[in-house]
Amino acid sequence: MNTLAYAGPGPWILFVPLVWAAVIFTAVTLLRRAGWRGRRGPWRPPTERAAADDRSPIAVLGRRFASGEIDEEEYWRRISVLEEHFGRVGPGPGGKAGAA
């Protein structure tokens, strides 16, 4: 005579999906903290953000003037046009911020 009857898997059947959910959640969290996000959004390293800022037209013009590609007259002519379109970000020669 068999005294132990089998009543099905019982409540333990819920344990397996919960364990897999915890494993997947942990893996995604670890991958995100390790830099899995790539180069999107504000998660880029500061050096990459600074490199992106160096590509602004005013910064490019400043580099061209500093390297000697253009003379001072050409620099001032082009910077005045660029300031009309982009505005001065920092303080100008007089110490005052320019209008946008």
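These legends accompany several views of a predicted model of a single protein chain.

Figure 1. The predicted chain contains four helices and zero strands, and from the N terminus on its elements follow the order α-α-α-α. Among the contacts in the chain with a separation of 6 or more, 16% are accounted for by residues 24 or more positions apart.

**Figure 2. Confidence along the chain.** The mean pLDDT of the chain is 75, and 63% of its residues reach 70 or more. Among the elements of the chain, helix α1 has the highest mean pLDDT, at 91, whereas helix α2, which covers residues 46–53, has the lowest, at 60. Over residues 94–100 the pLDDT is below 50, and this stretch has eight contacts in the model beyond near neighbours in sequence. Where pLDDT is low, the predicted coordinates should not be read in detail.

**Figure 3. The largest nonpolar core.** Five residues, namely L61, I70, Y75, I79 and L82, make up the largest nonpolar core of the model. Helix α4, which spans residues 72–86, gives the most to this core, contributing three residues. In soluble globular proteins, nonpolar side chains tend to be buried together. A closer look at Y75, one of the core residues, shows that Y75 touches L61, G62, F65 and I70 when residues up to four places away in sequence are not counted.

**Figure 4. The salt bridge between E69 and R64.** The count of salt bridges in the model comes to three, and one of them joins the side chains of E69 and R64, with a distance of 3.1 Å from N to O. Side chains of opposite charge can pair when their charged atoms come close. The two partners can also be described by their accessibility: E69 is exposed, with a relative accessible area of 55%, whereas R64, at 26% relative accessibility, counts as partly exposed.

Figure 5. E74, R77 and R78 are linked in a network of salt bridges. The side chain of E74 meets that of R77 in a salt bridge of 2.7 Å, N to O, and the side chain of E74 also meets that of R78 in a salt bridge of 2.4 Å, N to O. R77 and E74 are separated by about one helical turn, because they lie three residues apart in helix α4. E74 and R78 are likewise separated by about one helical turn, because they lie four residues apart in helix α4. As for accessibility, E74 counts as buried at 19%, because the class is set at under 20% relative accessible area. R77 is partly exposed, with a relative accessible area of 49%, and R78 is also partly exposed, with a value of 33%.

Notes: Residues are numbered from 1 along each chain as its sequence is written. This is a predicted model: local features need pLDDT of at least 70, side-chain atom pairs count only at pLDDT 80 or more; totals for chains, interfaces and linings use all residues. Side-chain values use heavy atoms; hydrogens and water are left out. A nonpolar core is a set of buried Ala, Val, Leu, Ile, Met, Phe, Trp, Tyr and Cys residues joined through side-chain atoms within 4.5 Å. Buried means under 20% relative accessible area, exposed over 50%, partly exposed in between (1.4 Å probe, protein chains only). Helices (H or I, at least four residues) and strands (E, at least two) are DSSP runs, numbered from the N terminus. Contact means heavy atoms within 4.5 Å. A salt bridge is a side-chain nitrogen of Lys or Arg within 4 Å of a carboxyl oxygen of Asp or Glu. pLDDT is the predictor's confidence in each residue, from 0 to 100.
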